[in-house]
Amino acid sequence: MSGYLSSDMRKVTTHRFIEMKQKGEKISMLTSYDYTTAQIVDASGIDGILVGDSASNVMAGNSTTIPITVDQMIYHAKSVTRAVKRALVVCDMPFGSYQVDCVDGVRNAIRIMKESGCDALKLEGGVEILDTVRRILDAGIPVMGHLGLTPQSINKFGTYSVRAKDEAEAAKLKNDAIALADAGCFAIVLEKVPAKLAREVSEAIWVPTIGIGAGNGTDGQILVVDDMLGKTRGFSPRFLRRYANLNEIMTSAIGRYVEDVKNCDFPNEKESY
């Protein structure tokens, strides 16, 4: 199934993302945080892999993305980039790595790019971080924006509910998207916003939008790989489609292994030297 639905096996670049929007070709993205998973995701024909700060939740068990550090993001991103041959690899800049000032943001951005080998970075926020985005772009680093529900601001929002439902916030989100695109961002994630607004934003800017809980009018979609594969439990937002139930499969397999060990059925003669 390598290269599924794509005969073009060239390395995906930020320019290719923009080309795909121009051609009306939807962009597929998933998260990955480790070498083994990234190998499988990349070989399946995905266009982009996000090394998300959601690793804070998925890999470390934190309740928010806030605790994860630059060092930890570099570790995960480096593991992913070693595995990937085709997909565009984007790494999240974690909370606190770019909000202090532009100089701090650029310094951390350069370090993540140099040490991880990823292709681009993602930052949460609109006009408030525009100067930092411009400085990172000026340093030659591609930037993906992120608007709508921005998990790094969860303590400010106080909830993970849908954003930009009222007219004022919707207008700000659209203006933020235009500003980020005009500044040079190659794509923008729209998370948990009304489908109508996401479609309007996608039509208003020349760079692709990647939706998560933003309807089908965006230029692409992204999900957390552990969620869509059914490894996680107790998290079932409306936008999540589970394509497998690995939690059940893994639990069953491990249970059979435990039983075989207890009953001295593993290893058998053929599995021994």
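Predicted model: local features only at pLDDT ≥ 70, side-chain atom pairs only at ≥ 80, totals over all residues.
User: Why is Asn247 called buried?
Analyst: Its relative accessible area is 19%. Buried means under 20%. Asn247 therefore qualifies as buried.

User: Where does Asn247 lie, and what is it in contact with beyond its sequence neighbours?
Analyst: Asn247 lies in helix α11, residues 246–262. Leaving aside neighbours within four places in sequence, Asn247 is in contact with Gly230, Lys231 and Arg233. Contact here means heavy atoms within 4.5 Å.

User: Why is Met250 called partly exposed?
Analyst: Met250 has a relative accessible area of 40%. Buried is under 20% and exposed is over 50%. The value falls in between, so Met250 is partly exposed. Met250 is also found in helix α11.

User: Why is Asp260 called partly exposed?
Analyst: Asp260 comes out at 30% relative accessible area. That lies between the cut-offs of 20% and 50%, so Asp260 is partly exposed. Asp260 lies in helix α11.

User: What makes the surface patch with Asp260 negative?
Analyst: Glu259, Asp260, Asp265 and Glu271 form the patch. Asp and Glu count as negative, so the patch is negative.

User: Which residues of helix α1 are buried, and what follows the helix?
Analyst: In α1, residues 14–23, the buried ones are Arg16, Phe17, Ile18, Met20 and Lys21. Gly24 follows α1, and its phi is positive, near 75°.

Definitions and conventions: Residues numbered from 1 in each chain as written. Heavy atoms only, no water. Helix = DSSP H or I, 4+ residues; strand = E, 2+ residues; numbered from the N terminus. Buried < 20%, exposed > 50% of the residue type's maximum accessible area, 1.4 Å probe, protein only. Patch = residues over 30% accessible without salt bridge, like charges linked within 9 Å, V, L, I, M, F, W, Y side chains within 5 Å. Areas by Shrake-Rupley, 256 points an atom, 1.4 Å probe, with all protein chains shown as cover. Salt bridge = Lys/Arg side-chain N within 4 Å of Asp/Glu carboxyl O. Charge placed at Lys NZ, Arg CZ, Asp CG, Glu CD.
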